[in-house]
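Welcome to this short tour. Keep your viewer open, and select each stop as you come to it.

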Amino acid sequence: MVIWSIVRRKVVNGGNSSASSILEQSWKSTRATASHPRYYGAFAKETSLVARGSQMVNSLGGFRSYLGSHLSSKAMRVSVPCIQTFNASIRLFSSDNGGSVDALVPFMGESISDGTLATFLKKPGDRVEADEPIAQIETDKVTIDVASPVAGTIEKLVAKEGDTVEPGFKIAVISQSSGAATQAKVSEKMPEETKSDKKEEKPKPVAEAPPSPKVETSPPKEKSRAPTPPASGPSPREPQLPPKDRERRVPMTRLRKRVATRLKDSQNTFALLTTFNEVDMTNLMKLRSEYKDAFLEKHGVKLGLMSGFIKGAISALQNQPVVNAVIDGEDIIYRDYVDISIAVGTPKGLVVPVLRNVEQMNFAEIEKEINKLAKKATAGTISIDEMAGGTFTISNGGVYGSLLSTPIINPPQSAILGMHSIVNRPMVVGGEVVSRPMMYIALTYDHRLIDGREAVLFLRRIKDVVEDPRRLLLDI
């Protein structure tokens, strides 16, 4: 620009007319080009173009000779395209449209290879923030959220609800530009507008064809009918089924499919056998009613009956370690730790969170851990790690009013304890018939590994601890 300013001042003060006209035209074109907004890039190609343009101007001769002599049009034709080429290359930076980012399915766990796209939480044109969930994926164990990688607008949805997706699969495109929202909304309105246009178009009247002349036809002759055989009896009728419009078909969720598969595999693999016993809940309920307020004030959590049964199960598992063991091929694996799984029913299906190293916990720690895992399971935010493993399972069907049941083993464990509802029944105590709060308990076990003796002694130990919790304090 400094060079062109010197040339312009030289020509204005008095120079050749042809050179002046050429420079004026060049100056106008330069002014027009300079009026556009300039963007400075860092590409090596553009820098080399500017450098070569300067060398071409300097290589035509000493620049001082141009100031006092006739300027040829050839020199100008060489220098001006260099400036135009530079501006054309800079226009690559002048785009105001933001980039688009793909929303991908995250890693779902080591044991989970795919999932089902359950639902989209956002639709095209909606604004999303970074890490905001835009879709939910159902797996065999948990529901996983697909979060937006950046803040922007949903440009389009690539996948459909019900599709089977894998980690890294693209389900949506998120645009960081502000114009994507309007474009998405316009695209949604287009089908409606086309429908309204089609409604406005009236069908053209069709010319009526002249009536065809009537042709008299003779009535068809009646064919001789074969004599019908006499009815031998009432004809069978099809069963009256309910109409199909009163039925609805809903696909199974992946969690429900997984539960069904595992339970059926348990029946096909294990030699299932169930033994029962009954527990007098008088002393445990009395202990709970006396200390529930002090327990809540100190530990911040309510004292429930589940912690008493978990403590009884820990004591029984330590007395009968084969119930805590598992068959692996032709070997038996004995565990020196206790990880108890608690079956929790959720709106989406049955999940089984695990209490780790529960033999080292007291009543307060057990109640806190149960409360935390139950809230996560109900909200659908529980992770796969919090449900993996487990050496023994406790299922409490009594919260739903179950009086008696035979639970099914949670593979690959070897036994499961079933708790039921508490019902006042007449019991003989000290030679007298009195009313007592009683509960039936059931133990389903793998008879390939656990014999009836160990199963009965296991339930007997739980009965003794629950009916007299002081045994835990004295370890007897």
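What percentage of the 476 residues in the protein chain is made up of buried residues? Buried residues account for 34% of them. Keep in mind as you look around that this is a predicted model.

**The whole chain**

Start with everything selected and a cartoon view. The protein chain has 12 helices and 18 strands.

**Stop 1: a loop residue**

Select Val 158, which sits in the loop between β6 (152–157) and β7 (164–165). Is Val 158 buried or exposed, or something in between? Its relative accessible area is 40%, so Val 158 is partly exposed. Val 158 and Asp 102 are 56 residues apart in sequence, and their C-alpha atoms are 9.6 Å apart in space. Then show Lys 170, Ile 171, Ala 172 and Val 173: Val 158 is in contact with these residues, leaving aside its neighbours within four places in sequence.

**Stop 2**

Select helix α9 (residues 306–319) and helix α10 (residues 363–379). Two packed helices are described by the angle between their axes and by the distance between those axes. Here the axes come within 9 Å and cross at roughly 115°. From α9, the contact is made by Met 306, Ser 307, Gly 308, Ile 310 and Lys 311, while α10 brings Phe 363, Ile 366, Glu 367 and Ile 370. Which hand does the crossing of α9 and α10 have? The crossing is right-handed.

**Stop 2: a nonpolar patch**

Go back to the surface view and colour Phe 276, Leu 403, Leu 404 and Val 423. These residues form a nonpolar patch on the surface, and together they have about 330 Å² of accessible area. Zoom in on Val 423, which belongs to strand β17 (residues 415–429). Val 423 has 32% relative accessibility, so it counts as partly exposed.

**Stop 3: salt bridges**

- Select Arg 453 and Glu 454, whose side chains meet in a salt bridge (3.7 Å, N to O). Arg 453 counts as exposed because its relative accessibility is 58%, whereas Glu 454, at 17%, counts as buried.
- Select Arg 460 and Asp 464, another salt-bridged pair (3.6 Å, N to O). They are 4 residues apart in helix α11 (residues 452–467), so about one helical turn separates them. Arg 460 is partly exposed, with a relative accessible area of 42%, and Asp 464 counts as buried at 19% relative accessibility.
- Select Asp 468 and Arg 470, which form a salt bridge with their closest N and O atoms 2.9 Å apart. Arg 470 is exposed, with a relative accessible area of 60%, while Asp 468 counts as partly exposed at 22% relative accessibility.

**Last look**

To finish, clear your selections and return to the cartoon. See if you can find α9 and α10 again, with their right-handed crossing, and then the patch that includes Val 423.

Key. Residues are numbered from 1 along each chain as its sequence is written. This is a predicted model: local features need pLDDT of at least 70, side-chain atom pairs count only at pLDDT 80 or more; totals for chains, interfaces and linings use all residues. Side-chain values use heavy atoms; hydrogens and water are left out. Patches are made of residues with over 30% relative accessible area and no salt bridge: like charges are joined within 9 Å, nonpolar side chains (Val, Leu, Ile, Met, Phe, Trp, Tyr) within 5 Å. Accessible areas come from the Shrake-Rupley method with a 1.4 Å probe; for residues, only the protein chains shown count as cover. A salt bridge is a side-chain nitrogen of Lys or Arg within 4 Å of a carboxyl oxygen of Asp or Glu. Helices (H or I, at least four residues) and strands (E, at least two) are DSSP runs, numbered from the N terminus. Buried means under 20% relative accessible area, exposed over 50%, partly exposed in between (1.4 Å probe, protein chains only). Axes are lines fitted to C-alpha atoms, for helices over the stretch in contact, and angles run from 0 to 180 degrees between N-to-C directions. A crossing is left-handed if the near helix is turned anticlockwise from the far one by less than a right angle, and right-handed if clockwise. Contact means heavy atoms within 4.5 Å.
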